[in-house]
Amino acid sequence: MQKYYLTTPIYYPSGNPHIGHCYTTVACDTIARFKRMQGYDVMFLTGTDEHGQKIEQKARENGITPKEYVDPIVANFKRLWEVMDVSYDRFIRTTDEYHVKSVQKIFKDLYDKGYIYKGKYTGKYCTPCESFWTASQLDENGCCPDCHRPVIDAHEEAYFLKVSAFADKVEKFLTETDYLNPQSRVNEMVNNFIKPGLEDLCVSRTSFTWGVPVEFDPKHVVYVWVDALSNYISALGYANDEYNDFEKYWPADLHMTAKEIVRFHSIIWPIILMMLDLPLPKHLYGHGWINFNGQKMAKSVGNVIDPFILAERYGSDSVRYQILRDMPYGSDSNFSNEIMVNRINSDLANSWGNLVSRTVAMADKYFGGTLPEEREAEALDNELIDIAKALRDTVAPHIEEAQLSKALEEIFKVVSRANKYIDETEPWVLGKSEDKKARLASVLYNLLETIRICSGLLFPFMPKTCPKVWEQIGADSSLTAYDTLSGFGKLPANVTVHKGEMLFPRIDVDKEIDELNVLLAPKKEIREDEDLDKANVITIDQFAEVKLRSGEITACEKIKKAKKLLKLTVDDGRGGRQIVSGIANWYSPEDLIGKKIVFVANLAPAKLCGELSEGMILACDAGEDDVRVLFLDKDVPNGSTIR
């Protein structure tokens, strides 16, 4: 039996999952289901990447351990995959003991081979992305090129991976094989990261402890990307005793990931494998983003969409269909409530659902549910029969190349042709004449067979709905197996249909959009003291550690390299200080000069987009996309302690 191993990236559990997380996992699930239909022995891996400075910081803010912080979030990811009918075979957490063991062994092997050496890191670091950057790699605002948030200066002892020595090899791998798709990603990696000079990668940290300890130097933890990338082989039992199917499934047939982490999967991961003398994966597909109102969907910008609400409201198959149908190969896609509702109405209710319900209803009305065996074919039937017979072999290459939107497009061309066939043959007219019953039986049989083939190919995309279709058209699992989907005439001649529930009820668009906008609107929670999560409660001693003081803004200007930041000069009653604050969207410099504010006086200094910031001013959320600075009375002395 042929083997097929595919993986999603392992997701970073810094918050609850959103619709943006769903695409990769649902896409991989669809491919996995299709491959199983083809008879492959499939291993489908997903999981969570749980280490790093950001997790450690969030856990500290909540007064709990990092593991306690991530556990409920990971559980929510698993719950989402259950709701979305994701049939993964293995779920890995980077906190799993066997994975930790593998990462330590991999790190030591690379060190022993001379590919890892100790040095000192000085450069830029993006905490949210857990990414190191050189100054030349920052965006036009001097911020992280991936998330476009401020980076910090990092100075610490670290171990480095000699990726520079493999620049030529990895460039050859990318340009002379079909590993990375689409081709635009290859050009981006080579021109933006390899040609300018591939620099050795920092692969350990000492400034935090939440990570896999370097076994031979415990003050270091393994840098998150070496840790995370190794999951693809540790999950198969490489360098651990938990599993023993590495030889069976490796190399991976397909890694799928969003474009912002293609760099790590297309450059760093192959280099690590080269260093370990392991076979390289066969394919990597870097898909686009799901955008909401023109912005990448992300919690940080407040535009995430709750997939639990959508799945409960429309069913998981409708959500799966929409995100797969509207994500063009290699490109970003747009999401809105209108797009989802209109897609459900046009494709699922009007086209697919209507085809099934009309066909079954006519078979029931004219023949009591069981077709007679007498037939009368006409030349008009041939076009529908031919495209239905060819559909499986048209769809399969698109699935192989992860062009899922294109696969659905081809299936729905046949669905559309079947609906047109109904209009052409006019079964309602044929049903009025007794001597046309044989012709009517042929028409309905052709429609039922077309539905059988389409539903069989739609099953990997919509695993809940298609079995309901099979029940209605009188098909069983043997009649929807992969090898039956290229033939026509598999249903019994005297097939019996069974009227069922409407698969996709049509939605009142205007009413639905209004209700969705309320349900999915960002929620600003204001909780009374008694409702506070106990994990967020701090002691009076902990509060006393935060030094709040008053100050007066004596000068203010925009930072040219950052659209959201203002540079404030503050008279703090102690010689003055500079504070950088991300409030440029709500205040202009002239609005602030002369105002008295509250600031955190003992916050560790940091550089934001190249400017020193020695504190943080206090502000509050004042509604959706609105922030207000806390101002003091003019007669409050500068430098006063806030109690």
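# Briefing on a predicted protein chain

The protein chain contains 21 helices and 25 strands. The model is predicted. Of its 643 residues, 55% count as buried. The C-alpha trace spans about 100 × 60 × 45 Å along its principal axes.

**Overall fold and surface**

- Among contacts in the protein chain with a separation of 6 or more, 75% are made by residues 24 or more positions apart.
- Charged side chains number 77 positive and 96 negative. The centres of the two sets lie 2 Å apart.

**The second largest pocket**

- Rolling a probe the size of a water molecule over the atoms shows where empty space is left.
- The volume of the second largest pocket is about 390 Å³.
- This pocket is lined by 23 residues, and the closest to its centre are Phe-132, Thr-134, Gln-137, Glu-199 and Asp-200.
- Two or more lining residues come from each of strand S4 (116-126), strand S5 (131-133), helix H6 (183-194), strand S8 (201-202) and helix H10 (262-275).
- Strand S4 gives the most to the lining of the second largest pocket, with 4 residues.

**Cis peptide bonds**

- Most peptide bonds are trans, and most residues other than glycine have a negative phi.
- Asn-181 and Pro-182 are joined by a cis peptide bond, with omega about -5°.
- Pro-182 sits in the loop between strand S7 (180-181) and helix H6. Helix H6 also gives two or more residues to the lining of the second largest pocket.
- Another cis peptide bond runs from Trp-250 to Pro-251, where omega is near 10°.
- The loop that holds Pro-251 lies between helix H9 (246-249) and strand S11 (254-258).

- Asp-85 is a residue other than glycine with a positive phi, near 60°.
- Asp-85 belongs to the loop between helix H3 (66-83) and strand S3 (90-93).
- Asp-85 counts as buried because its relative accessibility is 17%, and the cut-off for buried is under 20%.
- Ala-239 also has a positive phi, near 60°, and is a residue other than glycine.
- The loop between helix H8 (231-234) and helix H9 contains Ala-239.
- With a relative accessibility of 26%, Ala-239 counts as partly exposed.

- His-18 is in the loop between strand S1 (3-7) and helix H1 (19-37).
- The relative accessibility of His-18 is 10%, so His-18 counts as buried.
- His-18 and Leu-448 are 430 residues apart in sequence, and their C-alpha atoms are 37 Å apart in space.
- Ala-377 is in the loop between helix H13 (337-367) and helix H14 (380-400).
- Ala-377 counts as exposed because its relative accessibility is 66%, and exposed means over 50%.
- Ala-377 and Arg-439 are 62 residues apart along the chain, with their C-alpha atoms separated by 6.5 Å.
- Leaving aside residues up to four places away in sequence, Ala-377 touches Arg-439 and Ser-442.

Key
Residues numbered from 1 in each chain as written. Predicted model: local features only at pLDDT ≥ 70, side-chain atom pairs only at ≥ 80, totals over all residues. Heavy atoms only, no water. Buried < 20%, exposed > 50% of the residue type's maximum accessible area, 1.4 Å probe, protein only. Contact = heavy atoms within 4.5 Å. Lys, Arg positive; Asp, Glu negative; His and termini not counted. Charge placed at Lys NZ, Arg CZ, Asp CG, Glu CD. 1 Å grid on protein atoms, 1.4 Å probe; cavity = no way out; pocket = protein on both sides within 12 Å on 5 of 7 lines; lining within 4 Å. Points joined across faces, edges and corners; volume = space filled by probe spheres on them.
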